Amino acid sequence: MAAENRAPPLHGGPKMAGGAEPEPGPEPERVVEALELLLRPPAGPSERGDAAGPGPEGALRPETLRDNAAALEERLRRAPGWAALRGLRDAVLARAPALAAGAAGEAEPGWAAACGLLALLLCLKERLAALAAAPAARRAGPGAAPPPSPDTLSVAQGRAVGRALRAAVGLGLAPYLPPGVGQRPGPPAPPLPPPATRGARLHAATAALAELARHPALGGPLLARHLGLLLAGLCLLGHGPAAHSEGVSESERARCREALRHILDRVYQPLAVRELLVLQGRPKQSPPSPGEETKPGLVRAPAWLRRLCGQLLSERLMRPSGVQAVVRGIMEGTGAGGSGAEAAAVDWRKCDMVAKILASCPQQCLSLEDYYRLVCPQILDLLRIPDKLTARQFQRVATTTLLTMAKEHPQLAERHLLQPLLAPLLRCSETAELAAEDLPAGTVLVTEAELSSCVEDVLKVYVVGNDSSSLLLGSLQSVLGVVFSLYSFAKQNVSYLRSPCQEILLWFLEKSEREVSLAVLEGFAGLNSSVRALHPRCQFRAGSEGGATIAVEETIGDEDEALYQKVSSEQCRVESLVELLSHCQKSGLAGDFFIYCLKALTCVAAEDEADSNLAAVPGGSLLELEQYHAGQRRKLLVLQLVATLCESVSDTVFTDVAQVQEFVAATLQRACVSPARGPGAAVEAQTLAMAMGLVAAMLSGAVQLQSGDFAVLKRLVPLLEELSRTYPDPLTQELAADVRITICTHGAFFPGTVGAAADGVLGKKPGTGTQSPAGIPGRAPSPGGGRAPPRHGRGSPSAPRERSEEESVSHEPSDVGPAPAPCANSPAPAGLQELLVSACDPQPPSRAAALRHLSSLITQRDPEALRLQEKLLQVFLENVQHEDAFVYLSAIQGVALLSSEYPERILPVLLARYGYPTQGMEDTMAAVTRMKLGEVLMRVTRALGDMVFKHREPLVQAFLRGARDPDGTLRASSLSNLGELCQRLGFQLGSIVQEVTSCLTAIAKTDPEAEVRRAAVHVVVLLLRGLSEKATEVLQDVLRDLYRLLKHVVAAEPDGATVLHAQLALEELDAVMRRVLFPPQVLEKKIVVLP
């Protein structure tokens, strides 16, 4: 570059503080100008066109290099201002005789140019170091950007230095490396110089480059682009064969080894790993098959270099954060962080290869224990990489490494990997040692971040890794109790931990042996101690980020509160277990556990039968009393679990004939051990009929049975025989005998009783699927084949049923009498008549099923059912009074459907019954019935939608009358219904709002029961929410009264919940008024078209 075109000085000749001049020397700009002069391309167009090779150094011919060197020497001798650079270069060459000799030689212009470039680069390094050591000449003014450091290079200067480094490496280092050492893809390398000069020249260039690498400004571009060749030269000089190091002393070789260690320790470790892998080369490949096209490959690295690179890589791995450096060095550059990240993550072979490297202990590591102690924490850290683009790769590597270590060295993997992974959960398990005096209440044992990270890591390792080895299953089982408690807690609250906990639990239950899974489920239910539950002194608390924390539980002084907390936690645990089982139905685990619970229920029944003549609480020692209470607690848990399973698990819980057989066997065994007598005999007979009906349905062809299935069903024959001889109900005896005969004959003999039982289970119309006559669904038919009349023996309904029949006769004149009589003589079809009769069956399951069937007929608008709407209404209203929830909810649904079809006819009847209960009914029962009718009215209101306005006044008046009822619960229910009705009416309330407001004001101020006052204030909340912005229009006459009422409640109400409702209403009112007074500003443009 010409002197007049060079860049201006960076700092205008920096001076030392106090006016002292820095040490005289050439400016960095002068050195950069000399470098550009030495690398100046040829000026002639013909010569430039003949240049070959990429980059400036590839386009320079020997003649060009010789001419540039001569021009530089001429400039250094005669040009003004270049004397300082000449003196500095002479000083540098004096310290490097090999470079001085090479720069002076003219026989080899390439080596001479390399020596000249290295000498100038060393000069630049010394000047930059001197400028950096000098104090700053001036400080930045106020508000101005700070000046750059004196040794900072401009962009153009940095580009020139980069070209010089590339030329120095290409001319002074690469030609002197033997084949296989640092070779890169590209054009073939020139022939090597004579061995006599090869070692000395390689050492001179390598030593100069290593010295340049120590400076930050020059070492950055050098190590970023030419690290591989520099490492190759240092490895060859420091560790290579002596034949490649002729002319190099032992002390110089030692310095090369020291420089190699220094550079490897200083450079970015993933880059060092990648370059060492490149130096090590690919493994030996198999020869190509005949006829296959082969490409020219690189020369394989020599054995000594492969061994050395392996040792250096192992040292990189053993350093702090070495695992991540090795993984990044291998995985980076394969798509991580870019568009190819997903493709690289899918490349599982590369991830598995890295995992095998990490799982193998290096040879220089003296102890396998030490290696695991050093590496395992870093492997766990790979699971928590925050960068989402690279986390998938790292997590796969970490998971595969952990699984490989667990297979090769299970004890060490458990000690250094699995236990630290599960440490937050083990810390608060039942077996953990918590010193009560050292941990006060409220102490946080596991933070939210730690618990969330632990659960996510367990999900990645166990579920995503999907290795069901005994070590992993055993280690996970030790914390399953805590995970299940966390799952139950997350189910009650809003937490993102619910899904990962559920996946962990389901994975373990699926991968474990069936016996282990059942034992774990028993532990979840509290029936055994196979899992370690949460420590009694620990409890979960909701976290601020949607997770959870584990803290020491605070002691509850109130015994009633403590008992409530214990009962509610057990109930929540059972519900969580049932929900977990709902996802295990396809695998058959839910069916097996249900059968286990039924067998446990049989044991409970046998124990109760044996202890029926003993005292309630045995005497004796405290240990015996404690054992007795533990047994009673287990019985209660079994009963609660069976009840919840029966309510929640669907009918697909059984997946094969063997499970159905075990279920029926457990039911029959329980009936044989303790046959029910007294009030529960009807329910027990119904259960037995359904169980045997299930077998009858399979025998009738509902399931295609094979010969092996009959062998399974024959296990029921002894139980059926015993039942047919010992059970007190004759109908059940007959059905058991007939089912036994059908099983023994493989279905060849199929009595009518078996067919009727099968029809009842399958839901067919009686008499259509088998040879026997029609029968009531779910009931055992009579021996004569017809339907047995109502009996008043062991299987007959008790006093409540008789009272219900008496009450049905004393209804209004419009009502028909008892249901069975008119249905028998009605012109209804046989199927509908049977449903009407079944709707009055004494057994609740049959009654509920019939009501559901009648409701479906109304939904389908069956003409025969709609023709008998008055009879259907009578049947539904009769069943609304039933005490069984399944029955009266089915009846409520039927009345609501019928009322939505014919509101003009049905609503007056419902409103009359709601306002004036049946005479002769007890007050409590009348209030309950009226609340059920209120639910019916609200369902009709929802179904009518906007059409409810037509029936506004009778509905509001009925609810206002209910709000004055003596029963407090009915008053609260009526107010709740009134609030929902007002919310649905909205702006259609009209003048009736005055009556509603007066009623609410009186009740909120004067009612003696807090529940009723709470409901009155809640009506105001619903009213404001339903009207929203229309509240100021619809309630304009009463808005002030409502506001005063709410303020009065907030100021004078003793009940906290009522005050909360009032505050919510005030907030709704405040929001409405703000939207009215301060409407949101809408920025919009209006375009007006002028005429």
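Colleague: At 26% relative accessibility, what does Arg-257 count as?
Modeller: Bear in mind this is a predicted model: local features need pLDDT of at least 70, side-chain atom pairs count only at pLDDT 80 or more, and totals for chains, interfaces and linings use all residues. Residues are numbered from 1 along each chain as its sequence is written, and side-chain values use heavy atoms, leaving out hydrogens and water. Buried means under 20% relative accessible area and exposed over 50%, with partly exposed in between (1.4 Å probe, protein chains only). So, at 26%, Arg-257 is partly exposed.

Colleague: Which residue forms a salt bridge with Arg-257?
Modeller: A salt bridge here is a side-chain nitrogen of Lys or Arg within 4 Å of a carboxyl oxygen of Asp or Glu. For Arg-257 the closest N and O atoms are 3.5 Å apart, and the partner, exposed at 54% relative accessibility, is Glu-250.

Colleague: Glu-33 also pairs up, with Arg-75; how many residues apart in sequence are the parts they tie together?
Modeller: Their closest N and O atoms are 3.7 Å apart. Helices are DSSP runs (H or I, at least four residues; strands are E, at least two), numbered from the N terminus. Glu-33 lies in helix H1 (residues 28-38) and Arg-75 in helix H4 (residues 62-78), so the parts tied together are separated by 42 residues.

Colleague: Which loop holds Ser-321?
Modeller: Most residues other than glycine have a negative phi. Ser-321 has a positive one, about 60°, and is exposed at 53%. Its place is the loop between helix H13 (303-318) and helix H14 (322-331).
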